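Reader: Please take one part of this model and look at it closely, in one connected account that keeps to what can be computed from the atoms.

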Amino acid sequence: MQNSFYANTELIGLIGYPIKQSFSPFIHNVSAELTGTKLIYLPFEVHADNLKNAVKGTVALGIKGFNVTIPHKVKILDHLDKLSEEAAVIGSVNTVVNELGKLIGYNTDVNGIVETLSQYKSQISGNEVCVLGAGGSARAVIYTLIRNFKPSKIILINRTEQYAETLKQHFKSKMKFDGILTKELQQPDLKGLLNSCSLIINCTSVGMYPASDDSIFSNSDMFIKDQIVFDLVYNPVKTKFLQYAESKGAVVVNGLNMLVQQAAKSFTLWTGKEFPTEKVYKSLLLYVTK
């Protein structure tokens, strides 16, 4: 019985570095069990120098598909055969499907962001928002904000303003959006800018386990009451960044729901099956808080 199960089991993976903190293996293995899908999801820690060989290996081994996380979400595009519409515009991929040896890239972070922020749409639309970071996750966030939430302005803050400028020009070209203002993280006038935003999103990995005491900001001054503050980091569930925001009366949103919602889209792309979102989310909450 066991041999029969493994002989017909599909392998799905996660590539990134580091990935020891990832909850994705738990999410997808639970979803496979709940849906009766013969699938095993495994994490593969891949350094940047090994990305090309790792991707080739997935094809050689017949791996059904895989997720992509930090720091490979942009570089992975060089090794794929085809991109979905949103992945092509964003310039970042977090999900790859192997279709008979052809690798197709998608960005299911869009689904995760839409599902997580939809209840706040009226507070975001027509207002200024702030995005922290200029990596692959920030690309997905900016795309989704422009396409689905229509803010008046996006203030894009990054340690290196040049990278933020690159994203500004990218979305001006790809989406005809001219409302991005770039700033360097260390500039002294950030407090006023951030306080004017209805939404602040951390798209960096700062504060992620095991560096849970780290935060982009060293105090709570950047936040105000009733502001929506969303941290894509999901481990720990309440980062130092969110703790600072909460202390000012902001509405804080952790990355867990986005993680589950993007996983739901990925799971369906790989298997064609409906993802048991509510059951997986409840299982994950028990897993991370036990």
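**The open sheet and its surroundings**

Author: E246 counts as partly exposed because its relative accessible area is 38%, where buried means under 20%, exposed over 50% and partly exposed in between (1.4 Å probe, protein chains only). The model is predicted, so local features need pLDDT of at least 70 and side-chain atom pairs pLDDT 80 or more, whereas totals for chains, interfaces and linings use all residues. Residues are numbered from 1 along each chain as its sequence is written, and side-chain values rest on heavy atoms, without hydrogens or water.

E246 forms a salt bridge with K238, and the closest N and O atoms of this pair are 2.9 Å apart; the term requires a side-chain nitrogen of Lys or Arg within 4 Å of a carboxyl oxygen of Asp or Glu. K238, at 39% relative accessibility, is likewise partly exposed.

The part to examine is an open sheet of 6 strands with parallel pairing, in the order β9-β8-β7-β10-β11-β12; strands (E, at least two residues) and helices (H or I, at least four) are DSSP runs numbered from the N terminus, and two strands pair if DSSP finds at least two bridges between them. At the edges stand β9 (180-184) and β12 (251-253), each of which has a single partner strand, so one side of each is left without a neighbour in the sheet. Ignoring direction, neighbouring strands of this sheet are turned against each other by 15° on average, with axes fitted to C-alpha atoms (for helices over the stretch in contact) and angles running from 0 to 180 degrees between N-to-C directions.

Strand β7 (residues 128-132) and strand β10 (residues 199-202) run parallel and are joined by 4 bridges, and V131 has I201 as its bridge partner in β10. Helix α7 (residues 136-149) packs on the sheet, where it touches β7, β8 (153-158), β9 and β10, and its direction makes about 165° with that of β7; touching here is contact, that is, heavy atoms within 4.5 Å. Helix α10 (residues 240-247), for its part, lies across β7, β10, β11 (228-231) and β12, and runs at about 170° to β11.

By the rule already given, the count comes to 9 salt bridges. One of them joins the side chains of R147 and E85, with 3.8 Å from N to O; this pair links distant parts of the chain, since R147 is in helix α7 and E85, 62 residues apart from it, is in helix α4 (residues 85-90). R147 has 38% relative accessibility and is therefore partly exposed, and so is E85, whose relative accessible area is 45%.

Turning finally to buried positions, K73 lies in the loop between β3 (65-68) and β4 (82-83) and counts as buried because its relative accessibility is 9%. Beyond its neighbours within four places in sequence, K73 is in contact with several residues, including D109, G136 and S137. V280, in helix α12 (residues 277-289), is buried at a relative accessible area of 0%, and, residues up to four places away in sequence aside, it touches I27, V30, S31, L34, V260 and F275.
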